[in-house]
Amino acid sequence: ATHATAARRTRRTLDERARYTMRGTNACATTMRGRTTTTTTTTGLAGRRGKTARTARTARGAARGTNEWTRKVVVRAGPSGEGADGVVRAPRPAYVPGVISDPKYVRVFDTTLRDGEQSPGATLTSKEKLDIATSLARLGVDIIEAGFPIASPDDLEAVRGIAKKVGNEVYEDGYVPVICGLSRANKKDIDAAWEGVRHALRPRIHTFIATSPIHMESKLRKTPDEVVAIAVEAVKYARSLGCDDVEFSPEDAGRSDPEFLYRILSAVVEAGATTLNIPDTVGICLPDEFGQLIAGIKANVKGIEGAVISTHCQNDLGLSTANSLAGVANGARQGE
């Protein structure tokens, strides 16, 4: 009888949540420094239980006014002022390619629109990409990787549209996101990436080439010397187009020889790279291994004081977050 009663209550609760969710919106009021802001989010049937419950919890916490974390963030965010749409942001150091004045600040590089879209079934329209980019800017991410422009004319157009709109909307606190486009280490790719992002106030080109022995030998069929030369030429070419913010990634760094990484990264920094992104491309690293890799790069790459170390960790073994945090703990100051 007890189980039957509990089951009826559960069904009744789910029915009530379903009816509430079917209305299409959930409203959550939060009070910040004497101002009340109402946020409305559209909620579909999928995942309605979790979203409705989260909204209810947030509303209850706001009503009680006892959320210590929220109070601290609001107090800290106050000096930066409000954006045109009422968004209150935490203060951040001025954006300078290759330099972060606050040694504790970690830049957030969001690659939902590029690497995220490569997930099976995750194809997005240009309109959807623009909507997501707009939301990412409201969240305050430092860099938005808007796509892989050489992949298709549609992707190029989507990146261009994001650069023109989102990349030119300056909030009252001075924030505007960097708009980044990915390219392989060749002129055709780099030209397409630059055409996509050059319309933004803060454009970035992200170029890459594989550096692990298996990739160099079996995929590129290039010698290490040839790979270094290609990487240097790619960075120099990107800078020659007028882009002063160039990110370089040694693909499959997690399986690359550290000494070779120090060599190629030193060369691209000298060529003008401002961010060195270290990807665990196949998701094979453990946190201690990845942390040691970042520490070694910080200690051994010439000119590293003029570049920001970044992490890009895949989640094949469920360790992307742990590896990213290990990278930050050992000197990385951008997380992808």
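Biologist: What makes the crossing of α9 and α10 left-handed or right-handed?

Modeller: This is a predicted model, in which local features need pLDDT of at least 70 and side-chain atom pairs count only at pLDDT 80 or more, whereas totals for chains, interfaces and linings use all residues. Residues are numbered from 1 along each chain as its sequence is written, and side-chain values use heavy atoms, with hydrogens and water left out. A crossing is left-handed if the near helix is turned anticlockwise from the far one by less than a right angle, and right-handed if clockwise; α9 passes α10 in a right-handed crossing. Helices here are DSSP runs of H or I with at least four residues, strands are runs of E with at least two, and both are numbered from the N terminus.

Biologist: Why are α9 and α10 called oblique to each other?

Modeller: Helix α9 (residues 258-271) and helix α10 (residues 287-300) pack at an angle of about 50°, with their axes 10 Å apart. Axes are lines fitted to C-alpha atoms, for helices over the stretch in contact, and angles run from 0 to 180 degrees between N-to-C directions. Angles under 35 degrees count as roughly parallel, over 145 as roughly antiparallel, 65 to 115 as roughly perpendicular and the rest as oblique, and α9 and α10 are therefore oblique.

Biologist: Which residues of α9 and α10 meet?

Modeller: With contact taken as heavy atoms within 4.5 Å, Leu 261, Tyr 262, Leu 265 and Ser 266 of α9 meet Leu 293, Gly 296, Ile 297 and Asn 300 of α10.

Biologist: How do you know whether Thr 275 is buried or exposed?

Modeller: Buried means under 20% relative accessible area and exposed over 50%, with partly exposed in between (1.4 Å probe, protein chains only). Thr 275, which is found in strand β8, has 0% relative accessibility and therefore counts as buried. Leaving aside neighbours within four places in sequence, its contacts include Arg 204, Phe 248 and Gln 334.

Biologist: What makes β8 largely enclosed by the rest of the structure?

Modeller: Six of the six residues of β8 are buried, so the strand is largely enclosed. Thr 275, Asn 277 and Pro 279 are buried on one side, and Leu 276, Ile 278 and Asp 280 are buried on the other.

Biologist: How do you know that strand β7 pairs with β8?

Modeller: Two strands pair if DSSP finds at least two bridges between them, and two bridges join β7 (residues 246-251) to β8, the strands running parallel. Glu 247 has Thr 275 as its bridge partner in β8.
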